[in-house]
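Hello,

Here is the structure we talked about handing over. Please have a look at it before reading on.

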Amino acid sequence: MINLSKLLLCFFLCYGFVTVKAQYRIDQWTADDGLPQNSVYGIVQTRDGYLWMATLDGLARFDGVRFTVFNKSNSPGIVNNRFISLFEDANGDLWAGTEESGVVRLRNGRFTHYATGDATGEAAGVNWIGDGGADGSVMALVGNEKTMRFENGEFRLFDERANSAANARSVRRQNVRAYCNFKVPANVFGCYADGRWLDFSPAPGEPEYKLRTAARDADGNFWLLTESRELVRVENEKTVRVYRAGDGLPGIPVDFVVGAKTGLVCWDGRDSLFLTDLETMRSELLVKTPVNLPPTTGDIYPPLSVFESVFRSSYRDEEGNIWFGTLRGGLYRARKQIVKTFSSADGLTDTNVYPIYENDDGSLLVGTTSGLFSFDGNRFAPVESAEKFYVQAIGKDPVGRIIVSELYHLYVRQANGLIPFLVEQFPVGYGVYAVHTDRENRFWVGSGKGVYLFANGTTVAETFTTDHGLAGNDVKVIIDANDGGIWIGTYGGLSLYRDGKLTSWTEKDGLPSRTVRALYEDADGALWIGTYDGGLARFKDGKFTAYSSKIGLYTDEAFQILEDDNRHFWISSNHGIYRVSKDELNDYADGKRNTITSVAYGKSDGMLNAECNGGRSPAGVKTRDGRLWFPTQDGVAMIDPREIKTNLQPPPVVIETVKIDNQDSGSGNAQFDFAENEKSAIQNPKSAIRVEPSQQNFEIGYTALSFINSENLRFKHKLEGLDTDWVDAGTRRLAYYSHVPPGNYTFRVIAANADGVWNEQGASVNIVVLPPFYRTWWFFVLVVLIVGAVVLLIYRRRFNKLEKERLAQADFSRRLLNAHETERRRVAGELHDSIGQSLAMIKNSAVFGAQTVGSVADAKEHLAEISGASAQAIAEVREIAYNLRPFMLDRLGLTKAINSLLNKIADKSQLRIHSEIENIDGVFGSEAEISVYRIIQECMNNIMKHSDAREVKIKITKNERGVLILISDDGKGFDPKNQSEANQSNGFGLIGISERVRILGGTLAIDSAIGKGTKIQIEIWKHK
């Protein structure tokens, strides 16, 4: 019984088992890598670039890095997870047949289930599904017995000639499908294609074919594999050629590879699988088991029948990758190798390689940490007497002999052996890392203790160290300068020896790093400098230009620099080998571009170990046939630039998910909510994803669909409206934004394939970040209206207040004029009624006395009357004058004038006046004093005229701020709220008091209620 696990282990060998002669690298993905299940029954690359797989536990979508699984639990419309067939129709819909539950169709991001059972509803498996004709319909093989066609939203029975229990295989070439049936009468094959049934007959003299599987190429020709292990080519329904092993085939045909290009996998019956191009019938090695695999029965390859159980599906994508779906081993990819590695399987007993040197005859010498090896073009063989050498450098002396450095000593190769050379010429403990014979036939040796120049090839003529101007004593590389002299690279900087003088450059002069490991001067006269940790540099016209990973260099390590015939540099590092265009480097130095593009090659491209070695000379070589050889930690890596085809196809870019606040922006299943809601936003520029005001951040997941070094695809993205320039995301496939200001934005993402070809159009999606309500236009308008209304209200109130004040001022002025007129009338009345009468009486008495007085006694009596009248007139004049301005203010001061006023009022009225008056003389100016006096006078007048009070209390105190006046009575009081009535009844009183207090800059407070008397508090400040 054949062990299937051993079969899978042997057949789909990962890079560690594939020999260097294999031209393809095999990679594997299983359930451990995200595949839903390890049985892969169908593979299709859809037109959007994704690779889809039908497995027994759901459908898997692959972008080269990540699997996305669709099954019953997360995808409405899927009713059975066991899928066994796949097909994409002319409309771009994906059809998937299940093991027993009909078909599902993926259209516009939604799955729909269709039954394929009979009228009783019995479940049936769909073993094949494909093209139903030129009209773009879909055809399905149900249960290996019935063919059905999808019409009017359901599957219906189709041409009975296709109904049988025959074996059927899905065949694809740009949506072309063929279904073949060999159980028909008269030894005729039948295939359904192009919407019609085609009959195929064997060639004359050929026996009956027992069909195993079929395929169709790009030209419409059919290729048939028979049970007798023959390949049959059919053109125009006629057999035109039959191929057998040894007759145009490299071995036994196993299965077709379909997809972007039809091919054939053959087995040599021993340890190798080959891939045959059906257009040219050329074959190349696909996979080979190592020669040292234990020859246990079944460990190499089992009989062909087992291959049939292993190969469940095969497919070639648009980039030339070949995919195999297996019964239990998951998904495999065969990819054309770029790097070929020679290691232990090729004769290297020590795989830690350092210097590589090409002899004059084109053969290679390779130095390792424990031996020197020669390469004959196929295998490596150890050089005699050098089996334990720690080889540091390989070169040639002035007479053309091969010189090998073994730690601190030099050896010369003679015949097939090595003998000591220049014994004891170098200090012990300092290794020899470079040997070089220049154009003048001088011999140079670089060591850890400086540079040695030999005369006549045997004697040290000169020694150069830092004491002599050398940049550093640890010398790593020596090359010729194009215009004469020697370039020397050291762990200290760069030096040039010319005309007997040393000139050196270090980091102070613009060198990006002191650790110089590689030197190369091109035909244009530019010196290219590789460093251990400072990237690459160009030295031209006395100026250094530095190149680092910040501007696109793959890594800041450059151990060796080799130029191919297409002006590309190939540079080794600790992380693999990378390629960069010399023209791009020069354009950057000339200011014509801001970035450069590097293409990296590592284990996924065929290297057994991506870590290259350097610091020994030569650390790589370009041989005369144009191939490039680099030393690594596991053998020698060889690249033939002529065989490398640049992938000029830019990768499709897809925006996959949008999450807002770490939640899927849809209603449940992120894939389908995105497909229905956000997908429309991606495809329709007028649509957009909305971010609500309460949501703080959003993230966008994107990918690019290239299956060559998918993990190294590079991305740039930009949120137009926020980002001013592209954000270099490297290999990251997620963009995150937090607290984005409200506005309309467009997220754009572009990607580059492994060869640096950018998809400049990329993918985009519109995003609207909604503002909070207080930042919306309607809220702004509302605020403007409210503010306008408030301003208008304030204006109206202010206007009304000013109008009231104006009216009050006008009323005050009117009352003041009336008061003045009243005062004038009063004074005029008093002058007329009192003083005038008194003066008239005096006049009449004088006239009467003059006419009637006859005696002295009478005269005295009249004079007495005149005197009395005169005294009364004088008193009345004084009273009037006092009322106009109390003379006591000027003579006695404000305090006594107030006391006099109160005493006079007490004498004339029935009021009981209680007063406490502090001395307030000198507190106010003369004009202010009369106002204070009038305020108190008006208050007392109002009390006498209107309050009906019996008792009045007045208190005047002085403090630091000014004067406080408190006046209260026990009269009938009034309502202060009804000032107008009080003012009307009280005449000018309260208005006059209030206005005088305002003029003085004081405050007036009146506390009164009807029947409860009145309290007046007046405070007047000094500074006012």
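Predicted model: local features only at pLDDT ≥ 70, side-chain atom pairs only at ≥ 80, totals over all residues.

Residues are numbered from 1 along each chain as its sequence is written, and side-chain values use heavy atoms, with hydrogens and water left out.

Overall make-up

The protein has 11 helices and 70 strands. Both are DSSP runs numbered from the N terminus: helices are H or I with at least four residues, strands are E with at least two. Of the 1024 residues, 52% are buried. Here buried means under 20% relative accessible area, exposed means over 50%, and partly exposed is in between (1.4 Å probe, protein chains only). Among contacts (heavy atoms within 4.5 Å) with a separation of 6 or more, 54% are between residues 24 or more positions apart.

Salt bridges

Side chains of opposite charge can pair when their charged atoms come close. A salt bridge is counted when a side-chain nitrogen of Lys or Arg is within 4 Å of a carboxyl oxygen of Asp or Glu. How many salt bridges does this rule give? The count is 37.

One of them joins Glu88 and Arg47, with the closest N and O atoms 3.2 Å apart. Glu88 is in strand S6 (residues 83-88) and Arg47 is in the loop between strand S2 (40-45) and strand S3 (51-55), so the pair ties together parts 41 residues apart in sequence. Glu88 has 1% relative accessibility and counts as buried.

Arg105 and Asp93 form another, at 3.8 Å between the closest N and O atoms. Arg105 belongs to strand S8 (residues 103-107) and Asp93 to the loop between S6 and strand S7 (94-98), 12 residues apart. Are these two residues buried or exposed? Both Arg105 and Asp93 are buried.

Lys396 and Asp360 meet at 2.7 Å, N to O. Lys396 lies in strand S34 (residues 391-396) and Asp360 in the loop between strand S30 (353-358) and strand S31 (364-368), so this pair ties together parts 36 residues apart in sequence. Lys396 is partly exposed at 21%, whereas Asp360 is exposed at 54%.

Finally, a network of salt bridges links Asp522, Asp524, Glu563, Arg567, Lys582 and Asp583.

Regards
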